[in-house]
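Please read the following report with the sequence and the model side by side, and look up each residue as it is named.

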Amino acid sequence: MTSQAIQLIDVNKEYNKESLEYFKQCVGTRDVGFNYHVISVFGSQSSGKSTLLNILFNTQFDTMDAQVKRQQTTKGIWLAHTQNVNNHKSTTDTDSDYFILDVEGSDGAERGEDQDFERKAALFAISVSEVLIVNMWEQQIGLYQGNNMGLLKTVFEVNLSLFGKRGNDHKVLLLFVIRDHVGVTPLKSLQESLITELEQIWSELNKPTGCEETTLYDFFDLEFKGLGHKLLQEEQFYDDVKSLGDSFIDSESNEYLLKPNYHHKLPIDGWNMYAEQCWEQIENNRDLDLPTQQILVARFKTEDIANEAYAKFTEEYETETEKRINDKTELVSYLKKIKDECLGEYDEHASRYAKAVYEEKRIELVDKVNERLFTTASKYLDMLTAVLLTKLENGMKEKENIKLPFEDRYLKLFKDIEAEFDAAITEFFSKDLLTKIKDFELKFAADVHEKKLQLRESELNALLSKIKKQLTLRIKDEEIELLSKPTPDLWDKVTDTFENIMKKTLSRFATGEGEYEFKMGLSEDENKKQYHAIRAFAWTLLETVVHDYLKEDTIVSLLRDRFESKFRYDSNDVPRLWKNEDEIDQSFRVAKEHALEILDILTLAVKTDGTEVIPDAFEDEPNEGLIYDDSHDVYHSNRFAHILNETQKEKVQQQFRRQINVTVLDCKRSIVTSSTHIPIWIYAVIVVLGWNEFMIVIRNPLFVTLALLSIVSFYFIQKFGLWGPVMNVVNTALGESRTTIKEKLRQFVLEEHELKKTAKVEEEIELQDLSKNSSSSGNEDSD
């Protein structure tokens, strides 16, 4: 396939903006990739360059008609496309595409001494071509200007400044085609002459720093071909051209010219952009950094391909991923598919450009894709973590596990959820959907640990609540029982009972003397801390129970009960029967002393060894011993042992004395009442009065009617056998009547006598109490 040539760079040094469309027309829909070659021709004006290209590559460059006039035909730089290379083996098109650059000839009269375009064109041809054909006549060899050696020297210097320090492995083949070689001078001899000239030119170059030791062959390969005279040896000429063509198409031949390291590794559209930027750099002389232009082209194209592939990936990702978020297998499969498609599309189109740039952009694309995949994977793993934590929580509460210690339950369930999480994250990692899993594993471990602490705190709080409830019930029941029956060793019993309650309540957690394990996976220090917290609660509860129970009124009641038990009952718990007041007074003194024995015990918690009861669960007691006053301006000590202060104690004694004095008075009154009896003459009066009333009833018609009713009632009672219930009612009524009558008569007859007697007895008792209190106070003061 051959197409018409286009002017790539015109005489005004402007690059053809429509060249890309030309490339597309040449290639069509075929995916050329790297399977194309760029070949340029360079030489003097009117040396037959265009003619050679047309014969060799079947192009259609304009040629000069020597019979008309020898003048410049090729102006600027022209480009043609071909797949038909003239050769000995085949007349059909080749698989490769060839783009041929026909460069304006040098040393033309039209340019005169203006060699600027010649130099730029030569440099451009070297920069963008794989093979630069240097077209020269045999008779020009040995000349400096005639065979363009001066121009080559300039191009070599610029080329060295461009490529010298970069260590670039890209080379350009300089193919010297010697025209009109009739065979008088052997080709080898001509080759040696040219090589000598070229090496001499290279040695005379102004090499930049760091390139002093470089040689011509570090940047160029040299090949030499001779062509017979076109007019005198026409058949030989065309045969030589075909032989030259063989070296362009036969990749298996040792003479194959288009070696891989000559190619710029750019797709055809990328080459066009590269060529345009190279000419812009050359024309504007902006440091002439041509390799950078090649890299820029690669970056531009690879970035464009990457953006397109990523846009397609994003569209598929956003529309379909959310639908699969709850199904791990489907989600992983889909994410793997769209990632592979994205990278596959990029690789297919971008791998043709510079490898370093292609790989660099690929890494950027992979990072962008992985960032999106990371978001989805994170979301799924967060959801999975929430499900697994719920599973852990529910498993910890199951009946079949609840009997196990907390740590055993946790480890058993943790292995299961950890395995499930690891399986999920490994699947993401194995499919290259996650690049790092360590952070996810650490986050999962942290979430599980936090959940463990929450569950442990919850269970520990529940356990402590249960323990505290048991302590509350036992301390209240058992300690109040002791406080309600005080004895001289009360506080020994209280503390011993307290310790027994603690041991009994915590027995299932005991591991040694004073050591406890609450089966929550706590450290030794944490177990000790919990034990001290429980003990502090128990002491606080005991203090509350003691101080709430032993109020002033309660202590007075306890003292009175103790007094009553001693005063009213003998040693065999038999109620006492008083015969005289002396017995009452004697019992009163004994019972009072017996009751007051526990007053100090109930107001100050002191053991029998004389030590105060001090809680041992509080490491810091900033208020210990603090004296404060309450709302009644009564001063108190804030210590556990101090139940009542002296003021309260004195108040209790006063209330107690008043109550026991009333008890003694009641006892003495009972003696006076039991010694008083009804006189005999009272019964005679009752008999006389009773008879008269009987006579009145007999003579009254109303009462006669009542008597008849009574007779009728008697009949029915007798007939139906109701005497038993009637007699019970009668006896009850008579008994109540008799009692009422006696009480009334006693009050009537003895009222004045009793009042006088009672007043005398109360006065005597009060005098005796005063004398006894005085003597007692004296004895206490002497003590």
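Predicted model: local features only at pLDDT ≥ 70, side-chain atom pairs only at ≥ 80, totals over all residues.

Residues are numbered from 1 along each chain as its sequence is written, and side-chain values use heavy atoms, with hydrogens and water left out.

**The core**

A nonpolar core is a set of buried Ala, Val, Leu, Ile, Met, Phe, Trp, Tyr and Cys residues joined through side-chain atoms within 4.5 Å; here buried means under 20% relative accessible area, computed with a 1.4 Å probe on protein chains only. The largest such core has 194 residues, and those touching the most other members are Phe 124, Phe 156, Phe 176, Phe 248 and Trp 491. Its largest share, 14 residues, is supplied by helix 10 (residues 355-397), where helices are DSSP runs of H or I with at least four residues, numbered from the N terminus. At least three residues of this core come from each of domain 1 (6-63 + 72-283) and domain 2 (289-435), with bounds taken from an automatic or database domain assignment.

If residues up to four places away in sequence are not counted, the contacts of Phe 248 include Ile 39, Leu 56, Phe 57 and Tyr 256, a contact being heavy atoms within 4.5 Å.

**Helix 14**

Trp 491 is one of the buried residues of helix 14, and others among them are Leu 490, Phe 498 and Met 502. This helix, residues 490-505, has 16 residues and reaches 22 Å from its first C-alpha to its last, close to the 22 Å expected at 1.5 Å a residue, a span found as 1.5 Å times one less than the number of residues. Its buried residues are covered by parts that include helix 13 (438-484), helix 15 (524-549) and helix 18 (599-603).

**Strand 2 and the cysteines**

Gly 43 lies in strand 2 (residues 36-43), a strand being a DSSP run of E with at least two residues, and UniProt lists Gly 43 among its "binding site" positions, although such annotations may be inferred rather than shown by experiment. Phe 42 is also in strand 2, and its C-alpha atom is separated by 7.5 Å from that of Asp 102, 60 residues apart along the chain.

| Buried residue | Relative accessible area |
|---|---|
| Gly 43 | 1% |
| Phe 42 | 4% |
| Cys 342 | 2% |
| Cys 667 | 4% |

How many disulfides are there by this rule? With a disulfide taken as a pair of cysteine sulfur atoms within 2.5 Å, the count comes to 0.

Note on methods:
Buried < 20%, exposed > 50% of the residue type's maximum accessible area, 1.4 Å probe, protein only.
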